[in-house]
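Let's take a walk through this structure. Have a look at it below, and then we'll go through it piece by piece.

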Amino acid sequence: MLINSKNQIPASEITPESVYLSRRKFIGQSSTAVLVGAAATPAIALPSGWVEEQGYSEGEPIGEKITPEDIATRYNNFYEFGTGKEDPSKKAHVLTTDPWSIEVAGEVAKPGKMQIEDVLKGIDLEERIYRLRCVEAWSMVVPWVGFPVKKVLDKFEPLGSAKYVKFTTLYRPKEMPGIRSIFSSVEFPYVEGLRLDEANHPLAIFAVGMYGKILPNQNGAPFRLVVPWKYGFKSIKSIVKIELTKREPRTTWNRSAPHEYGFYANVNPEVDHPRWSQARERRLPTTIFGGTIATRMFNGYDEVASLYEGMDLKRNY
Ligand code: MTE
């Protein structure tokens with residue numbers, strides 16, 4: 001499947017998966033209509049000007065293919081299930097994701113714990129086709145099903161004192177063998193964070209599905225963050241807690257190796273990882289010839305640049 005500027009995902013590919021929505025009743029009675037609607041007019045999130053830059057004219061397919069579903073669901077990072085790329089797809093099926101509640105706390109007028117179905121009530125689902133660039137220098141193109149983070153945050157009414165958002169993954173050692181393992185290089189629960197204005201940017205989404213289906217456990221079911229202009233480790237999976245804070249939260253990879261992984265983690269081909277270059281990436285699936293493509297600033301999502309005006313992005317890596 002090619003992405004083009006008038007991106008079409010045939011409704012036939014997505015409609016049958018409305019079953020997932022009615023099963024979980026994320027959006028009540030209108031679930032089928034909304035997902036089919038999303039298929040008919042998917043919100044394509046390629047950056048403005050990108051089509052022209054690539055040398056394609058409007059409406060023509062551009063040379064970026066959606067990553068095959070079996071790659072995106074079998075080549076994963078989810079350390080709670082192990083550090084191997086295939087550990088999550090082999091082990092995450094035991095995770096119980098229903099019922100699922102999410103607690104919202106900190107600098108909000110209406111803190112509380114809600115079932116996921118209630119968090120999502122009244123929020124329409126959209127399809128967003130995004131590049132995912134891992135800090136390990138591989139990348140994919142994934143069609144997510146989700147909605148802007150802001151839509152959830154607004155329900156809890158952030159206070160003027162809220163400057164950051166801290167996200168926490170489920171901590172359930174019984175179902176997460178990676179947490180029990182002595183080989184893990186990070187502390188659990190996995191924690192990530194954004195500045196509030198980053199979280200409120202329309203490109204930042206919570207995903208509940210991908211490829212028109214419910215999110216597989218290995219990809220962060222039932223509710224994960226996707227921030228396409230940042231390295232993949234910011235896109236925290238299986239979220240159970242969202243906290244609005246006054247101060248920058250300490251995050252998992254930053255705690256583990258502060259000189260390698262910063263809080264911002266914006267995709268930046270000019271700031272190398274201390275152990276490897278970030279100038280190029282392997283777009284999965286790679287062939288036996290193993291070519292790479294150039295990595296682009298903010299992963300190509302130039303419209304977020306104003307969030308970082310006046311900041312030294314080499315220091316704030
Ligand atoms: N979230 C949690 N809770 N645990 C993790 O280990 N890995 C991150 C991110 N979210 C991770 C996580 C990393 S490094 C990447 S690249 C992406 O998830 C991968 O998402 P995917 O497996 O859906 O492609």
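E64 counts as buried, because its relative accessibility is 8% (buried means under 20% relative accessible area, with a 1.4 Å probe and protein chains only). You'll find E64 in strand β3, residues 61–65 (a strand is a DSSP run of E, at least two residues, numbered from the N terminus). Its side chain makes polar contacts with the side chains of R131, at 2.9 Å, and R283, at 2.7 Å. A polar contact here is a pair of N or O atoms within 3.5 Å; within protein, one must be able to donate a hydrogen and the other to accept it, and residues adjacent in sequence count only if both atoms are side-chain atoms.

A quick word on the source: this is a predicted model, where local features need pLDDT of at least 70, side-chain atom pairs count only at pLDDT 80 or more, and totals for chains, interfaces and linings use all residues. Numbering runs from 1 along each chain as its sequence is written, and side-chain values use heavy atoms, leaving out hydrogens and water.

Now for the ligand. Its surroundings are 16 residues, and the closest are N76, Y79, E80, R224 and K237 (each has a heavy atom within 4 Å of the ligand). Ligand nitrogen atoms lie 3.2 Å from a backbone N or O atom of N77 and 2.9 Å from one of S235. The protein buries 98% of the 540 Å² that the ligand exposes when taken alone (areas by the Shrake-Rupley method, 1.4 Å probe).

Definitions and conventions:
Helix = DSSP H or I, 4+ residues; strand = E, 2+ residues; numbered from the N terminus. Buried < 20%, exposed > 50% of the residue type's maximum accessible area, 1.4 Å probe, protein only.
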